[in-house]
Amino acid sequence: MMIGIHDKPGSFSDRWIEYCRTNGVSHKIVNCHATDIMSQLRGCDALLWEWENLSHSDVLAGERVMRSAEAMGLRVFPDSATCWHYDDKVAQKYLLEAVDAEMVPSYAFYSLDAALDWVNEATFPKVFKLARGSGSLNVFLLRTREKAQKVCRQAFSRGFKPIAGLAGDFTTRIRKHRRKGDFFPLLKRLPATLASVIRFNRTISRERGYVYFQDFIPGNTTDTRVTIIGDRAFAFTRGVRPNDFRASGSGQINYDMSKIDSQCVEIAFETVRRLKTQSLAFDFVKSQTGRPLIVEISYCYLADAVYACPGHWDAQMQWHEGPMWPQDAILDDLLNELRAVRAVGVRS
(Lines give C-alpha, C1' and ligand atoms only; values in the text may rest on other atoms or scores of the structure.)
Protein backbone atom coordinates (compact mmCIF):
# COMPACT_ATOMS: atom_id res chain seq x y z
CA MET A 1 0.00 0.00 0.00
CA MET A 2 1.21 3.50 -0.80
CA ILE A 3 -0.09 6.47 1.21
CA GLY A 4 0.18 9.98 -0.27
CA ILE A 5 0.58 12.68 2.41
CA HIS A 6 0.42 16.43 1.84
CA ASP A 7 3.18 17.69 4.12
CA LYS A 8 2.28 20.89 5.94
CA PRO A 9 4.50 21.50 9.00
CA GLY A 10 2.45 22.03 12.14
CA SER A 11 -0.54 20.08 10.82
CA PHE A 12 -1.67 16.46 11.15
CA SER A 13 0.89 15.53 8.50
CA ASP A 14 3.74 15.72 11.07
CA ARG A 15 2.31 12.81 12.99
CA TRP A 16 1.16 10.89 9.90
CA ILE A 17 4.68 10.93 8.47
CA GLU A 18 6.19 9.88 11.82
CA TYR A 19 3.61 7.08 12.11
CA CYS A 20 4.46 5.75 8.63
CA ARG A 21 8.21 5.87 9.26
CA THR A 22 7.90 4.18 12.65
CA ASN A 23 5.55 1.45 11.46
CA GLY A 24 7.07 0.78 8.04
CA VAL A 25 4.08 2.08 6.07
CA SER A 26 4.99 2.98 2.49
CA HIS A 27 4.28 6.62 1.85
CA LYS A 28 5.23 9.51 -0.38
CA ILE A 29 5.06 13.27 0.12
CA VAL A 30 2.78 15.00 -2.36
CA ASN A 31 1.86 18.64 -2.92
CA CYS A 32 -1.90 19.08 -3.16
CA HIS A 33 -1.42 22.70 -4.29
CA ALA A 34 0.59 21.64 -7.35
CA THR A 35 -0.97 21.63 -10.80
CA ASP A 36 0.20 18.03 -11.35
CA ILE A 37 -1.21 16.63 -8.10
CA MET A 38 -3.25 13.99 -9.93
CA SER A 39 -0.07 12.73 -11.59
CA GLN A 40 1.70 12.70 -8.23
CA LEU A 41 -1.05 10.45 -6.87
CA ARG A 42 -0.63 7.77 -9.56
CA GLY A 43 0.31 4.57 -7.78
CA CYS A 44 -1.08 5.74 -4.43
CA ASP A 45 -3.84 3.86 -2.63
CA ALA A 46 -4.77 6.74 -0.32
CA LEU A 47 -4.35 10.46 0.28
CA LEU A 48 -4.13 12.27 3.61
CA TRP A 49 -4.42 16.06 3.73
CA GLU A 50 -5.68 18.13 6.66
CA TRP A 51 -6.72 21.14 4.60
CA GLU A 52 -7.90 24.01 6.77
CA ASN A 53 -10.10 27.04 6.65
CA LEU A 54 -7.61 29.88 7.26
CA SER A 55 -5.44 29.11 4.23
CA HIS A 56 -6.83 30.61 1.03
CA SER A 57 -5.01 28.01 -1.10
CA ASP A 58 -6.38 25.17 1.05
CA VAL A 59 -9.93 26.55 0.80
CA LEU A 60 -9.68 26.86 -2.98
CA ALA A 61 -8.08 23.47 -3.61
CA GLY A 62 -9.19 21.28 -0.71
CA GLU A 63 -12.53 19.82 -1.70
CA ARG A 64 -11.63 19.85 -5.41
CA VAL A 65 -8.52 17.75 -4.93
CA MET A 66 -10.09 15.32 -2.45
CA ARG A 67 -13.14 14.65 -4.63
CA SER A 68 -10.88 14.13 -7.64
CA ALA A 69 -8.68 11.72 -5.70
CA GLU A 70 -11.81 9.78 -4.74
CA ALA A 71 -12.74 9.63 -8.44
CA MET A 72 -9.31 8.03 -9.07
CA GLY A 73 -10.31 5.26 -6.67
CA LEU A 74 -8.17 6.42 -3.74
CA ARG A 75 -9.27 6.23 -0.15
CA VAL A 76 -8.89 9.74 1.24
CA PHE A 77 -9.01 11.63 4.50
CA PRO A 78 -11.09 13.67 4.74
CA ASP A 79 -13.56 12.07 2.33
CA SER A 80 -16.44 13.99 0.75
CA ALA A 81 -18.99 13.08 3.41
CA THR A 82 -16.61 14.30 6.08
CA CYS A 83 -15.47 17.63 4.61
CA TRP A 84 -17.94 19.07 2.08
CA HIS A 85 -19.67 21.07 4.83
CA TYR A 86 -16.43 22.10 6.58
CA ASP A 87 -16.35 25.77 7.62
CA ASP A 88 -19.85 26.30 6.22
CA LYS A 89 -22.29 26.72 9.08
CA VAL A 90 -25.24 27.15 6.71
CA ALA A 91 -24.46 23.83 5.02
CA GLN A 92 -24.21 22.23 8.47
CA LYS A 93 -27.70 23.52 9.31
CA TYR A 94 -29.27 21.75 6.34
CA LEU A 95 -27.20 18.60 6.80
CA LEU A 96 -28.03 18.20 10.49
CA GLU A 97 -31.70 18.91 9.85
CA ALA A 98 -31.69 16.34 7.02
CA VAL A 99 -30.71 13.55 9.43
CA ASP A 100 -32.94 14.82 12.28
CA ALA A 101 -29.96 15.63 14.50
CA GLU A 102 -30.69 17.51 17.70
CA MET A 103 -29.31 20.97 17.02
CA VAL A 104 -29.85 24.54 18.14
CA PRO A 105 -32.76 25.97 16.06
CA SER A 106 -31.18 27.77 13.10
CA TYR A 107 -32.44 30.04 10.32
CA ALA A 108 -31.06 30.99 6.90
CA PHE A 109 -32.41 33.57 4.45
CA TYR A 110 -31.34 34.57 0.96
CA SER A 111 -33.23 37.81 0.39
CA LEU A 112 -33.36 41.00 2.42
CA ASP A 113 -37.15 41.03 2.47
CA ALA A 114 -37.40 37.48 3.81
CA ALA A 115 -34.72 38.19 6.42
CA LEU A 116 -36.37 41.40 7.65
CA ASP A 117 -39.81 39.75 7.76
CA TRP A 118 -38.36 37.06 10.04
CA VAL A 119 -36.44 39.57 12.18
CA ASN A 120 -39.59 41.63 12.72
CA GLU A 121 -41.35 38.58 14.21
CA ALA A 122 -38.42 37.02 16.07
CA THR A 123 -37.59 37.30 19.74
CA PHE A 124 -34.15 38.47 20.88
CA PRO A 125 -31.31 38.01 21.61
CA LYS A 126 -30.24 35.90 18.62
CA VAL A 127 -26.80 34.67 17.55
CA PHE A 128 -25.64 35.87 14.12
CA LYS A 129 -22.97 33.89 12.30
CA LEU A 130 -21.15 34.01 9.02
CA ALA A 131 -20.81 30.69 7.22
CA ARG A 132 -17.03 30.91 7.57
CA GLY A 133 -15.02 31.15 10.75
CA SER A 134 -13.66 28.96 13.55
CA GLY A 135 -12.75 29.60 17.18
CA SER A 136 -15.79 31.91 17.51
CA LEU A 137 -14.65 34.21 14.71
CA ASN A 138 -17.60 35.85 12.94
CA VAL A 139 -20.05 34.94 15.72
CA PHE A 140 -22.00 37.77 17.36
CA LEU A 141 -24.84 38.11 19.87
CA LEU A 142 -27.54 40.50 18.63
CA ARG A 143 -29.56 41.73 21.57
CA THR A 144 -32.07 43.90 19.74
CA ARG A 145 -34.22 43.82 16.62
CA GLU A 146 -32.56 47.01 15.42
CA LYS A 147 -29.10 45.40 15.50
CA ALA A 148 -30.42 42.43 13.56
CA GLN A 149 -31.99 44.70 10.94
CA LYS A 150 -28.66 46.51 10.52
CA VAL A 151 -26.79 43.24 10.07
CA CYS A 152 -29.31 42.08 7.47
CA ARG A 153 -28.91 45.26 5.43
CA GLN A 154 -25.12 44.92 5.51
CA ALA A 155 -25.36 41.25 4.48
CA PHE A 156 -27.31 42.19 1.36
CA SER A 157 -25.15 45.18 0.43
CA ARG A 158 -21.40 45.41 1.09
CA GLY A 159 -21.29 42.14 3.03
CA PHE A 160 -18.58 41.03 5.46
CA LYS A 161 -14.92 40.12 5.20
CA PRO A 162 -14.52 36.32 5.45
CA ILE A 163 -12.11 36.82 8.38
CA ALA A 164 -13.65 39.84 10.02
CA GLY A 165 -13.22 39.24 13.74
CA LEU A 166 -9.54 38.47 14.24
CA ALA A 167 -8.63 41.88 15.68
CA GLY A 168 -11.57 41.82 18.07
CA ASP A 169 -10.57 38.29 19.12
CA PHE A 170 -6.96 39.22 19.87
CA THR A 171 -7.52 39.97 23.57
CA THR A 172 -8.86 36.46 24.08
CA ARG A 173 -5.91 35.00 22.19
CA ILE A 174 -3.43 36.91 24.39
CA ARG A 175 -5.18 35.71 27.56
CA LYS A 176 -5.19 32.10 26.36
CA HIS A 177 -1.54 32.06 25.32
CA ARG A 178 -0.39 33.74 28.54
CA ARG A 179 -2.09 30.94 30.43
CA LYS A 180 -0.35 28.34 28.24
CA GLY A 181 2.99 30.09 28.66
CA ASP A 182 3.63 30.70 24.96
CA PHE A 183 2.75 34.38 24.74
CA PHE A 184 5.99 35.45 23.06
CA PRO A 185 5.76 32.83 20.28
CA LEU A 186 2.26 34.26 19.62
CA LEU A 187 3.72 37.73 19.19
CA LYS A 188 6.47 36.33 16.96
CA ARG A 189 3.85 34.73 14.70
CA LEU A 190 1.64 37.81 14.63
CA PRO A 191 3.08 39.50 11.49
CA ALA A 192 2.79 36.29 9.48
CA THR A 193 -0.73 35.72 10.82
CA LEU A 194 -1.87 39.22 9.87
CA ALA A 195 -0.30 38.89 6.43
CA SER A 196 -2.14 35.58 5.96
CA VAL A 197 -5.46 37.17 7.00
CA ILE A 198 -4.97 40.09 4.58
CA ARG A 199 -4.13 37.66 1.77
CA PHE A 200 -7.17 35.50 2.60
CA ASN A 201 -9.56 38.46 2.63
CA ARG A 202 -8.22 39.68 -0.70
CA THR A 203 -8.54 36.25 -2.31
CA ILE A 204 -11.80 34.86 -0.94
CA SER A 205 -15.07 36.60 -1.77
CA ARG A 206 -16.86 38.66 0.86
CA GLU A 207 -19.67 36.95 2.72
CA ARG A 208 -22.88 38.43 1.36
CA GLY A 209 -26.27 37.52 -0.05
CA TYR A 210 -27.43 35.52 2.96
CA VAL A 211 -27.96 35.76 6.72
CA TYR A 212 -27.70 32.96 9.26
CA PHE A 213 -29.07 33.07 12.80
CA GLN A 214 -29.29 30.63 15.69
CA ASP A 215 -31.40 30.80 18.82
CA PHE A 216 -29.46 31.99 21.84
CA ILE A 217 -29.46 29.27 24.51
CA PRO A 218 -28.99 31.01 27.88
CA GLY A 219 -27.49 29.62 31.05
CA ASN A 220 -24.50 27.78 29.58
CA THR A 221 -21.22 28.49 31.36
CA THR A 222 -19.50 25.72 29.39
CA ASP A 223 -19.96 23.80 26.20
CA THR A 224 -19.03 20.17 25.50
CA ARG A 225 -16.72 19.18 22.65
CA VAL A 226 -17.07 15.57 21.49
CA THR A 227 -14.67 14.37 18.78
CA ILE A 228 -15.59 11.18 16.96
CA ILE A 229 -12.90 9.26 15.05
CA GLY A 230 -14.25 6.02 13.66
CA ASP A 231 -15.69 4.16 16.65
CA ARG A 232 -13.91 6.32 19.25
CA ALA A 233 -15.26 9.33 21.13
CA PHE A 234 -13.05 11.85 22.94
CA ALA A 235 -14.63 14.58 25.05
CA PHE A 236 -13.95 17.60 27.22
CA THR A 237 -15.74 20.76 28.34
CA ARG A 238 -14.74 24.35 27.59
CA GLY A 239 -15.45 27.38 29.74
CA VAL A 240 -17.20 30.39 28.31
CA ARG A 241 -14.96 33.43 27.82
CA PRO A 242 -15.18 36.16 30.51
CA ASN A 243 -18.07 38.57 29.88
CA ASP A 244 -19.01 36.63 26.75
CA PHE A 245 -21.32 33.84 25.62
CA ARG A 246 -18.81 31.92 23.47
CA ALA A 247 -16.71 28.95 24.58
CA SER A 248 -15.04 28.01 21.30
CA GLY A 249 -11.50 29.35 21.23
CA SER A 250 -11.49 30.22 24.93
CA GLY A 251 -8.73 27.74 25.75
CA GLN A 252 -10.46 26.95 29.07
CA ILE A 253 -10.48 23.17 28.64
CA ASN A 254 -11.53 20.81 31.44
CA TYR A 255 -10.75 17.08 31.16
CA ASP A 256 -12.84 16.02 34.16
CA MET A 257 -14.85 13.16 32.64
CA SER A 258 -17.47 13.43 35.38
CA LYS A 259 -18.52 16.70 33.70
CA ILE A 260 -19.32 14.94 30.40
CA ASP A 261 -22.98 14.21 29.73
CA SER A 262 -23.08 10.75 28.12
CA GLN A 263 -26.01 11.94 26.00
CA CYS A 264 -23.60 14.20 24.10
CA VAL A 265 -21.39 11.22 23.26
CA GLU A 266 -24.37 9.07 22.23
CA ILE A 267 -25.84 11.82 20.04
CA ALA A 268 -22.46 12.39 18.39
CA PHE A 269 -22.04 8.68 17.62
CA GLU A 270 -25.56 8.43 16.23
CA THR A 271 -25.14 11.54 14.08
CA VAL A 272 -21.86 10.25 12.62
CA ARG A 273 -23.56 6.96 11.78
CA ARG A 274 -26.28 8.81 9.90
CA LEU A 275 -23.84 11.09 8.11
CA LYS A 276 -21.34 8.28 7.35
CA THR A 277 -18.38 10.52 8.19
CA GLN A 278 -14.87 9.41 9.15
CA SER A 279 -14.37 11.95 11.91
CA LEU A 280 -16.22 14.97 13.27
CA ALA A 281 -15.97 17.29 16.25
CA PHE A 282 -19.29 18.35 17.78
CA ASP A 283 -19.95 21.39 19.96
CA PHE A 284 -22.87 20.95 22.36
CA VAL A 285 -24.76 23.30 24.65
CA LYS A 286 -27.64 22.41 26.96
CA SER A 287 -31.21 23.53 26.36
CA GLN A 288 -33.14 24.98 29.28
CA THR A 289 -34.63 21.50 29.81
CA GLY A 290 -31.12 20.01 29.97
CA ARG A 291 -31.14 18.34 26.55
CA PRO A 292 -27.85 18.53 24.59
CA LEU A 293 -28.09 20.48 21.34
CA ILE A 294 -25.48 20.55 18.56
CA VAL A 295 -24.20 24.03 17.78
CA GLU A 296 -21.66 23.26 15.04
CA ILE A 297 -19.59 20.44 13.57
CA SER A 298 -16.11 20.35 12.02
CA TYR A 299 -13.72 17.73 10.70
CA CYS A 300 -10.78 19.93 11.85
CA TYR A 301 -9.79 20.16 15.51
CA LEU A 302 -6.72 20.61 17.70
CA ALA A 303 -4.82 17.33 17.94
CA ASP A 304 -3.19 18.25 21.26
CA ALA A 305 -6.58 18.90 22.86
CA VAL A 306 -7.85 15.46 21.83
CA TYR A 307 -4.63 13.71 22.87
CA ALA A 308 -4.90 15.27 26.35
CA CYS A 309 -8.16 13.38 26.96
CA PRO A 310 -7.57 10.65 29.58
CA GLY A 311 -9.23 8.04 27.38
CA HIS A 312 -12.13 7.48 25.01
CA TRP A 313 -15.44 5.67 24.63
CA ASP A 314 -16.07 3.12 21.91
CA ALA A 315 -19.31 2.92 19.94
CA GLN A 316 -20.79 0.63 22.61
CA MET A 317 -20.05 3.32 25.23
CA GLN A 318 -17.30 1.25 26.85
CA TRP A 319 -14.45 3.35 28.30
CA HIS A 320 -10.84 2.82 27.20
CA GLU A 321 -8.19 4.36 29.42
CA GLY A 322 -5.19 6.20 28.01
CA PRO A 323 -4.40 8.97 25.52
CA MET A 324 -4.37 8.51 21.76
CA TRP A 325 -3.19 10.80 19.00
CA PRO A 326 -6.14 11.51 16.68
CA GLN A 327 -3.80 11.36 13.67
CA ASP A 328 -2.89 7.77 14.62
CA ALA A 329 -6.54 6.82 14.96
CA ILE A 330 -7.35 8.32 11.55
CA LEU A 331 -4.48 6.50 9.85
CA ASP A 332 -5.26 3.22 11.65
CA ASP A 333 -8.82 3.37 10.32
CA LEU A 334 -7.69 4.18 6.80
CA LEU A 335 -5.12 1.35 6.75
CA ASN A 336 -7.69 -1.12 8.08
CA GLU A 337 -10.07 -0.06 5.34
CA LEU A 338 -7.39 -0.55 2.69
CA ARG A 339 -6.50 -3.99 4.09
CA ALA A 340 -10.17 -4.99 4.04
CA VAL A 341 -10.54 -3.89 0.42
CA ARG A 342 -7.38 -5.79 -0.53
CA ALA A 343 -8.57 -8.93 1.29
CA VAL A 344 -11.85 -8.87 -0.62
CA GLY A 345 -9.92 -8.46 -3.89
CA VAL A 346 -7.68 -11.43 -3.09
CA ARG A 347 -10.64 -13.66 -2.20
CA SER A 348 -12.52 -12.71 -5.36
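# Briefing on a predicted structure

Pro125 is located in the loop that runs between helix H6 and strand S6 (126–129). A cis peptide bond connects Pro125 to Phe124, with omega about 10°. The model described here is predicted. The points below cover backbone geometry, helix packing, an aromatic pair, a pocket and a cavity.

**Backbone geometry**

- Most residues other than glycine have a negative phi, and most peptide bonds are trans.
- Besides the bond from Phe124 to Pro125, the peptide bond that leads from Phe77 to Pro78 is cis, and its omega is near -5°.
- Pro78 belongs to the loop between S4 and helix H4 (80–83).
- Asp87 is not a glycine, yet its phi is positive, at about 55°.
- The loop that holds Asp87 runs between H4 and helix H5 (89–98).

**Packing of H6 and H7**

- Two packed helices are described by the angle between their axes and the distance between the axes.
- For helix H6 (residues 112–121) and helix H7 (residues 145–155), the angle is about 170° and the axes lie 10 Å apart.
- H6 is therefore roughly antiparallel to H7, because angles over 145 degrees count as roughly antiparallel.
- On the H6 side, the residues in contact are Leu112, Ala115, Leu116, Val119, Asn120 and Glu121; on the H7 side, they are Arg145, Ala148, Gln149, Cys152 and Arg153.
- By class, this contact of H6 with H7 comprises six nonpolar, two polar and three charged residues.

**Aromatic pairs**

- The structure contains 16 aromatic pairs.
- One of them joins Phe77 and Tyr299, whose ring centres are 5.9 Å apart and whose planes stand at 75°.
- This pair is edge-to-face, because planes over 60 degrees apart count as such.
- Phe77 sits in strand S4, while Tyr299 sits in the loop between strand S13 (292–298) and helix H11 (303–307).

- The volume of the second largest pocket is about 190 Å³.
- Its lining consists of 14 residues, and Val76, Asp79, Gln278, Leu334 and Glu337 are those that lie nearest the centre of the pocket.
- Strand S4 (75–77) and helix H12 (326–347) are the elements that contribute two or more residues to this lining.
- H12 provides the largest share of the lining, with four residues.
- Six nonpolar, three polar and five charged residues make up the lining of this pocket.

**The largest cavity**

- The whole structure holds one cavity of 30 Å³ or more.
- The space in the largest cavity amounts to about 40 Å³.
- The lining of the largest cavity is formed by Asn53, Leu54, Asp87, Arg132, Gly133, Leu137, Asn138, Pro162, Ile163 and Phe200.
- These lining residues comprise five nonpolar, three polar and two charged.
- Asp87, one of the residues lining the largest cavity, is the residue noted above for its positive phi of about 55°.

How values were computed
Residues numbered from 1 in each chain as written. Predicted model: local features only at pLDDT ≥ 70, side-chain atom pairs only at ≥ 80, totals over all residues. Heavy atoms only, no water. Axes fitted to C-alpha atoms, helices over the stretch in contact; angles between N-to-C directions. Parallel < 35°, antiparallel > 145°, perpendicular 65-115°, else oblique. Contact = heavy atoms within 4.5 Å. Nonpolar A, V, L, I, M, F, W, Y, C, P; charged D, E, K, R; others polar. 1 Å grid on protein atoms, 1.4 Å probe; cavity = no way out; pocket = protein on both sides within 12 Å on 5 of 7 lines; lining within 4 Å. Points joined across faces, edges and corners; volume = space filled by probe spheres on them. Phe/Tyr/Trp six-rings, centres within 6.5 Å; stacked < 30°, edge-to-face > 60°.
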